[in-house]
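Reader: I should like to learn how to read the features of a protein model one at a time. Could we go through them together, beginning with the backbone?

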Amino acid sequence: MNFHEPHIDYAGISPVIALTVGLCVVLLSAVFKPLRRSAPILTMLTLGVTAGLLIWQWDDPKTLITGALRLDDLAISISLIAILMAAFCVVLSIRERATEEAGSGEYHALLLGSVMGMVLLAQATNLVSFFVALEMLSIPLYILCATNLRREGSLESGLKYLIVGSIGSATLLYGMAFLYGGTGATNFAGIADGIVRNGLDGDPLILIGIAMAAVGLAFKTSIAPFHQWTPDVYQGAPTPITAFMAVATKAAAFAVFLRFFDVALGSQLDSWQPALAALAAISIVVGNVGALGQDSLKRMLGYSGVAQAGYMLGGVVVLSDAGTSSVVFYLAAYAFMNLAAFAVIVGRERETIYGDDIRAVRGLGVERPLLAWPLTISMLALAGLPATAGFIGKLYLIEALVEGDYTWLAVFIAVGTMISLAYYLRVVAAMWMGPEGESVTGATPVIAGASPEADPVDPEAGRRWYIVGPALFAAAATVFFGIVPQPLVEFASHAGASLFG
Amino acid sequence: MSSAILWMPLAFGLVGLFLPKRAVGWWAVLGAVVTLGLAIAVAIGFDSGSSALQYAVDEPWISGLGVDYSLGIDGLNLFLILLTAVLWTGGVAFAAFREQERPTTFYFLMLVAETATLGSFLAQDLLLFVLFFDLMLVPFYFLFGAWGHDRSAEGGLTASAATLKMIVYTLIGSLLMLVAAIATAVLAADGGHLTFSIAALSEHGLTEGSQRWIFWFFAAAFLVKMPAFLLHGWMPDAYRAAPLPALAVFSGVLAKVGAYGFLRVVLPLFPDATVEFQEVILVIALASILYGSVMAFTQTNVRLIAGYSSVAQLGFITAGIFALSADGADGAVLQMVNHGLVVAPLFVIVAILAERTGSEDIREMGGMALRAPVLAALFLIVALATLAMPGSANFVGEFYILNGLFEAKIVFACIAISGVAMSAYYALRLYQQTMHNRLPSVQNQGLLSREIGVRDGLVLVPLVLCIVGLALYPQLILERTAPTVDKQVAAVSGGDSPEAQLAKK
């Protein structure tokens, strides 16, 4: 019996190796006393090395581990977005209550674990690696949501996410079983072949599989009507984690959404395209209407995330290079826009008694201009106003939709954006046009002996570099890519072209 | 040169952010004046006989999406750019003579607004036009919302609610326009090379079916901006809330962008739909004239009188464009400039009156002519221009519009003519009530002089001189605009060539 030594492309899996090593080191650092304070630095180091290794693999698509993974520009660009968000999550977590309560080493190790899930999910081309990566991404997040151990909301958020996320995973798994049963393959390319070879075109078995897989992924990307968990979980989780989750999870899930539907199920286009388009439209309406009248900024951003996921799903629907590129572009823009908003929310949460309530940003324009400008830019960008990356992102998506004969969905995006103005501009108005002279910073709670969680942790948080820095950086990037979008467009079109290349 | 004009205000605005608070107002004035100087230089160097683009710039901006950074000046936008530069100089100077809250941000936003407005006039790329068209709204949102007046005590809206209403109304149109613009380019490219260049797009006609819905998406954006009847719901609240220096430029220029959009984009790109819906738009235009006029002579708030008179005037301009004849469109362009020059001083006068009488209600003003003869004289010129007195450039403009309309649709022209009569009523009513009507409450104050100071005179007199100058020599505009405007119209009506039209004049 001959034993063939398997060929291992170490260069291709080097990012995952780096993450694994980093994860172990960070976790162990909690054990050794002298290293206890170094978890954030080690995490940043790991993320930096991983990003470097990923960029090294740019423009060199390769299939890894006997077809379980495919490291192409799409995977790299999505991974980079996830790493960027994780890095900012680390910075925003400095002096966050959750890291102290849950243990800095554990908190950061979990974060790295989730990033590893995302990096793997973005590369997954096989049902098994797909599912394992998805769980790898989700399970650390369930725990991270609950790391604010003494706050009921945080625990509730973790539990809710766990239950709903598990239902999503189970549905997805069930759908996968149908697809495997029908085609006998777990490879995405093999599934595509199997459908043709076994004459399963339009077969109920396949259709049920597609539907359940779509529902499972819709849970993860918070597409309506499978979004109910989103606002609650976003509100309850520690804010740096919410920021990370809002963008990075969506990015990774959309990567596999694109791969799974466009590569494995491309031949069944006629059956899933109208269904996904309908989901996108529902998501746009539900998200935008739901966000109206939300007083909690995190809830509002949760609902807005539902709507934004609807916009992005449009790029998946059209099944084209332009569609894929527009999703990548939008995700990158979305990362910067959300980051600016969440950085400001973290700062205000720590220095006022209002938490993430809209009252916390009242009069911010006068009091903390360095926070007010980033939040303003973020809101205008999310609303898709020109001179921001949000406008170019919408332009890209609409162009892809019109080219793909889905003009009606483009009109939905326009209508959704109009509704969204009402709640985005409400935040802007609170900052710049609110009643003046009322400072909310460091105000004492109205009720004596209120829970210590409501106390401002740090009345000067709005001036700290680790709050102002990320906010300004993300806002500057949002404006920069709104005026000079060419580099980001090229980045996205590379990623888009690599899906079928 | 086009780029210099476009970015000059923004450059001054950015530098102004780092200046001390006392200096920033005059720095902004300097920025507006430099821009005006550039605009005048362009107008002097402009080749009046040609209908081609001059000072053109064309660089790829986002090559992957087919968007170019493409600017240019022709007869259609030359005077609108000049108007923008003139009114902004006036508006910023008027503001600089007064204390402003948070001046750094105020002037920054004013200058951003100027760049955005100039951009929408200069853009020769459809998407760039849409971008600047939307961008215009952002600075005005902050200007109206944060520096505006809270009218909730008078049964109106708070400033932020009024501006939100304005934003939602106008963006409904603009966002649909974004979809329509992209659809235009994608359908015209038909799988080939994607371009948003207006000139290139006008050569590839769209099918009549797609022209139809795209026409309405564009028309919605432009009609809201004007505003036209039924889409004017945002106007009264926003006008009451707005700070006056910003309102003067807003009313003077932004409303014209809508009318300009019809000439620049809709007529050449969607000729079939334009002919098909000509009468629908004319009905809307006539309704605007009648409704605007009637409202203007029932209102007592000075801002609203000016606001509703704008609705009527913009109705005239729309009617002139959709007469689809060379005369009508020439008149429309002339009238755009005229109306801008008239309405901006009107708001400056309103501001001055409000400072002196403490009210914006004409029932509480009066008897100003005796105590402020210079102001009254200036106001009289503005009022007479508003009612299109023979001898004013507005008369020439309205005459051309009606002439074009008579040639095209005689029934519509007969109705439109009533608007001319009504404009005389509301303009004179406004003048009489504020200047002549001596109120008992005011009479007790004796002959205390309420004359305008040198500083306000410096703002008002040049604007009035522009009105007088144009009244003496309206050909200045007509000569330069006619070749381009006629070309735009000829694309639809398929009538005489531009040269033949010019020879006729």
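Reader: Where in chain A is Arg95(A) placed?

Author: Arg95(A) sits in the loop between α3 (73-92) and α4 (97-102) of chain A. The model is a predicted one, and every value below is computed from it.

Reader: What should I look for in the backbone there?

Author: As a general idea, most residues other than glycine have a negative phi, and most peptide bonds are trans. Arg95(A) has a positive phi, near 65°, and is not a glycine. Ile65(A) likewise has a positive phi, of about 45°, without being a glycine. Ile65(A) belongs to the loop between β1 (62-64) and β2 (69-71) of chain A.

Reader: Which residues are joined by a cis peptide bond in chain A, and which in chain B?

Author: In chain A the cis bond joins Ala224(A) and Pro225(A), with omega about 0°. Pro225(A) lies in the loop between α9 (204-221) and α10 (229-236) of chain A. In chain B the cis bond joins Met226(B) and Pro227(B), with omega about -10°. Pro227(B) is in the loop between α9 and α10 (235-241) of chain B.

Reader: What span does helix α11 (residues 244-269) of chain B have, and where is its kink centred?

Author: The end C-alpha atoms of α11(B) are 37 Å apart, which agrees with the 38 Å that its 26 residues should span at 1.5 Å a residue. The kink in α11(B), of about 35°, is centred on Phe250(B). α11(B) is mostly covered, with 26 of its 26 residues buried.

Reader: How do strands β1 (residues 54-62) and β2 of chain B pair?

Author: β1(B) and β2(B) pair in the antiparallel sense over 6 bridges. Pro60(B) stands opposite Asp68(B) in β2(B). The hairpin has 4 residues between the strands, and Gly66(B) there takes a positive phi near 75°. Strand β2 (residues 67-73) of chain B is mostly covered, 5 of its 7 residues being buried.

Reader: How many residues of chain A are in contact with chain B?

Author: 28 residues of chain A are in contact with 24 residues of chain B. On the side of chain A that touches chain B, α18(A) gives the most, with 11 residues. The residues of that side divide into 21 nonpolar, 4 polar and 3 charged.

Reader: Which residues have the most contacts inside the largest nonpolar core?

Author: The largest nonpolar core has 416 residues, and those with the most contacts inside it are Ile81(A), Ala82(A), Met85(A), Ala252(A) and Ala340(A). Helix α14 (residues 321-351) of chain A gives the most to this core, with 20 residues. Leaving aside neighbours within four places in sequence, the contacts of Ile81(A) include Val247(A), Ala251(A) and Leu331(A).

Key: Residues numbered from 1 in each chain as written. Chains lettered and ligands numbered in written order. Predicted model: local features only at pLDDT ≥ 70, side-chain atom pairs only at ≥ 80, totals over all residues. Contact = placed C-beta atoms within 7 Å. Helix = DSSP H or I, 4+ residues; strand = E, 2+ residues; numbered from the N terminus. Nonpolar A, V, L, I, M, F, W, Y, C, P; charged D, E, K, R; others polar. Core = buried A, V, L, I, M, F, W, Y, C linked by C-beta atoms within 7 Å. Buried ≥ 20, exposed ≤ 12 C-beta atoms within 10 Å, placed from the backbone. Pairing = 2+ DSSP bridges. Expected span 1.5 Å × (residues − 1). Bend = angle between axes of the 7 residues up to and from the residue.
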